[in-house]
Amino acid sequence: MNKTQWIPIVCLRVIAMVSTFVATLLMVTSHDSAKVLGMTFQAKYNNSSTLKYFVVVSIITTVYSLGALFVPPRKLGRHVLVLDMIIMSFLISSFSAAVGIGQLGKEGNSHAGWIPICGQVPKFCHHVTASLIAGFVAVIIYFLLVLYSLNNVLNLVAFKA
Amino acid sequence: MIIMAGEKVADGRSIRRWRVTISMVVILLRVLALFATAAATIVMALNKEKHTFAVATIGNTPVKIAITAKFQHTPANVMFVIANGVATLHSLFMLSMLCFVRDKYDFKGLRFLTAAALDMVTIAVVSGAATAVAFMGEVARNGNSHARWNKVCDNFERYCDQGSGAMLASYIGILFLMLVNMLNIFEYGRLINPSSNNPLAA
């Protein structure tokens with residue numbers, strides 16, 4: 001793989017690494033408390049298993065992106081592609097689930113009797129929204145990365161002679 | 001010379017057998033993925049349960065309220081139905097392309113890229129929908145005490161169980177789609193170059 005094929009991949013990986021790192025940081029530092037009727041509510045990302053899953057997947061993606069920068073592309077290109085596809089699947093699933101829970105927190109579900117919580121803990125909601133935006137950027141970047149790697153691997157495999 | 005000619009003949013036959021095996025396996029996996037995603041769509045779309053609660057008592061007669069749980073009440077379930085419907089149509093389209101249009105249309109070298117890219121898009125969409133339903137179901141089953149959200153599944157057992165069954169079918173469909181995608185990517189070199197002697201390894 002020559003330099004013109006390899007440089008965009010490195011750039012995309014660095015951007016994805018930075019955005020997942022930012023998403024993790026924003027989610028982990030999100031907490032807010034509200035006083036209702038003398039009791040204090042604490043809203044942290046720990047309270048929801050979906051947001052915990054999002055944080056775990058973001059950390060895994062950051063570490064993996066860092067490690068995949070140092071892999072020789074000619075020898076292990078296809079294996080990195082398979083791992084990229086698996087990680088992309090994880091990223092998309094965690095982002096989708098977190099957005100679902102976020103929508104539940106913002107608008108509630110009247111049929112189940114779940115009231116929205118964003119009115120009482122707005123700072124927490126804003127942090128989570130920002131973290132999800134960073135996660136969305138990572139999802140798009142990883143998708144482009146996998147498509148681009150597919151193109152490169154196709155050139156490597158089919159026209160080896 | 002004789003040894004080299006012998007190797008060439010054996011290579012051609014074994015490579016042809018390998019091509020046929022891989023094609024059969026890919027078709028079988030696509031059919032399984034089609035059935036799994038179709039089952040997930042239908043099971044979730046027919047998910048509805050009615051439950052009658054006795055709320056208060058006026059005199060001697062209890063006041064009853066009937067509450068229906070439909071799948072449309074949760075946006076994650078709506079996305080799940082739509083995503084699995086799209087995956088079913090995608091599998092149908094790919095199967096028809098494999099079986100009926102095999103050599104009649106010139107794809108100008110883009111056949112592999114379209115198949116792999118479309119497969120990946122389908123996997124992404126379906127995995128997003130399935131995980132969203134999984135976490136919504138977790139909140140419905142266990143509630144969330146910090147947000148004061150009560151659990152719903154103790155009153156609507158059948159609704160929750162049907163939803164989890166659909167989600168399981170969707171995950172199995174994702175597994176089959178991923179296997180098909182990886183097979184396509186890794187065996188493409190051997191599939192399109194049947195007359196080459198050197199094996200396209202690593």
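**Figure 1. Helix α3(A) at the second largest cavity.** In this predicted model, α3(A) contributes five residues to the lining of the second largest cavity, the most of any element. The volume of this cavity is about 70 Å³. Elements giving two or more residues to its lining are α3 (73-107) of chain A, along with α3 (111-142) and α4 (157-192) of chain B. Two cavities of 30 Å³ or more are counted in the model.

**Figure 2. Residues lining the second largest cavity.** From chain A, the lining includes Met85(A), Ile86(A), Met88(A), Ser89(A) and Ile92(A). From chain B, Met120(B), Ile123(B), Ala124(B), Met178(B), Asn181(B) and Met182(B) line the cavity. By residue class, the lining holds nine nonpolar and two polar residues, with no charged residue.

**Figure 3. The contact between chain A and chain B.** Chain A brings 38 residues to the contact and chain B brings 41 residues. Together the two chains bury about 3500 Å², with 72% of this area on carbon and sulfur atoms.

**Figure 4. Polar contacts across the interface.** Four residue pairs are in polar contact between chain A and chain B, both residues of each pair being at pLDDT 80 or more. The number of salt bridges between chain A and chain B is zero.

**Figure 5. The side of chain A that touches chain B.** In chain A, the elements that supply two or more residues to this side are β2 (39-44), α2 (49-68), α3 and α4 (122-158). Helix α3(A) accounts for the largest share, 16 residues. The residues of this side comprise 23 nonpolar, 13 polar and two charged. Helix α3(A) is also the element that gives the most residues to the lining of the second largest cavity.

**Figure 6. A salt bridge within chain A.** Side chains of opposite charge can pair when their charged atoms come close. Arg13(A) and Asp84(A) form a salt bridge, with 3.1 Å between the closest N and O atoms. Arg13(A) lies in helix α1 (residues 3-28) of chain A and Asp84(A) in helix α3 of chain A, so the pair, 71 residues apart, links distant parts of the chain. Over all chains, the whole structure has three salt bridges.

Methods. Residues are numbered from 1 along each chain as its sequence is written. Chains are lettered from A and ligands numbered from 1 in the order in which they are written. Side-chain values use heavy atoms; hydrogens and water are left out. On a 1 Å grid over the protein atoms alone, a cavity is a set of points where a 1.4 Å probe fits but cannot get out, and a pocket is an open set with protein on both sides within 12 Å along at least five of seven lines; lining residues have an atom within 4 Å of a point. Grid points are joined across faces, edges and corners, and a volume is the space filled by probe spheres set on the points. Helices (H or I, at least four residues) and strands (E, at least two) are DSSP runs, numbered from the N terminus. Ala, Val, Leu, Ile, Met, Phe, Trp, Tyr, Cys and Pro count as nonpolar, Asp, Glu, Lys and Arg as charged, and the others, Gly among them, as polar. Contact means heavy atoms within 4.5 Å. Buried area is the accessible area (1.4 Å probe) that two parts lose on being put together, summed over both. A salt bridge is a side-chain nitrogen of Lys or Arg within 4 Å of a carboxyl oxygen of Asp or Glu. A polar contact is a pair of N or O atoms within 3.5 Å; within protein, one must be able to donate a hydrogen and the other to accept it, and residues adjacent in sequence count only if both atoms are side-chain atoms.
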